Amino acid sequence: MAIVAILAAILLPAIPRGTSRARLEAFAIETAAVLRADRNAAIRRRTEVSTQVNATARSIRSGATGKIVQVPNDVVFDAALASRCNQRRTGSEIIFFPSGMTCGGTVVLSRLGIGYEIRVNWLTGGIEIVSRTDG
């Protein structure tokens, strides 16, 4: 029994823990904050600002600050973005215009049937987080 307890004490801290629901929500909030910062920068600077969404690298990068949100491997990362925006190809970015408008998009972060959609409204540029459950 003592040997089992010693092995458990050694091995349990080495086992990686999955992303908790609270941490998943924190990633969604952080993603929304990056998007809001880029929208605000576009309005303030009176120029286009692009947020890079890279599903392969599992990251979101601010065009205004360079801040990167890196999503862990145990979280499902999906994005539905406009393939064309302002007469040019996009597909991997959300572009904010000086008016605050955008071509919009949705980023989905989920794990074990629980997830969050970060929605960017194309007309208003507003960003909202919507909780969702699969099941």
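**Reading burial, strands and core**

Q: At its relative accessibility, does Ser50 count as buried or exposed?
A: Ser50 has a relative accessibility of 18% and therefore counts as buried, where buried means under 20% relative accessible area, exposed over 50% and partly exposed in between, with a 1.4 Å probe and protein chains only. This is a predicted model, in which local features need pLDDT of at least 70 and side-chain atom pairs count only at pLDDT 80 or more, while totals for chains, interfaces and linings use all residues. Residues are numbered from 1 along each chain as its sequence is written, and side-chain values use heavy atoms, with hydrogens and water left out.

Q: Where does Ser50 lie, and which residues is it in contact with?
A: A contact means heavy atoms within 4.5 Å, and strands (E, at least two residues) and helices (H or I, at least four) are DSSP runs numbered from the N terminus. Ser50 lies in strand 1 and, leaving aside neighbours within four places in sequence, is in contact with Asp38, Arg61, Ser62, Gly63, Arg88, Glu93, Ile94 and Ile95.

Q: How many helices and strands does the protein chain have, and how do the elements run?
A: The secondary structure comes to two helices and ten strands, and from the N terminus on the elements run α-α-β-β-β-β-β-β-β-β-β-β. The radius of gyration, taken over C-alpha atoms, is compared with a globule rule of 2.2 Å times the number of residues to the power 0.38. For this chain of 135 residues the radius is 18 Å, well over the 14 Å that the rule gives, so the chain is more spread out than a compact globule. Its C-alpha atoms fill a box of roughly 70 × 35 × 20 Å along the principal axes.

Q: Which strands pair with strand 8, and in what sense?
A: Two strands pair if DSSP finds at least two bridges between them. Strand 8 pairs with strand 4 in the antiparallel sense over six bridges, and Val108 in strand 8 is the bridge partner of Asp78. Seven bridges join strand 8 to strand 9, and these two also run antiparallel, with Ser110 opposite Gly115 in strand 9. Strands 8 and 9 form a hairpin with two residues between them, and Leu112 in the turn has a positive phi of about 50°. Because five of its seven residues are buried, strand 8 is largely enclosed by the rest of the structure.

Q: Which residues touch the most other members of the largest nonpolar core?
A: In soluble globular proteins, nonpolar side chains tend to be buried together. A nonpolar core is a set of buried Ala, Val, Leu, Ile, Met, Phe, Trp, Tyr and Cys residues joined through side-chain atoms within 4.5 Å. The largest one here has 25 residues, of which Leu109 and Ile118 touch the most other members. Helix 2 (21–45) is one of the elements that supply at least two residues each, and its eight residues are the largest share.
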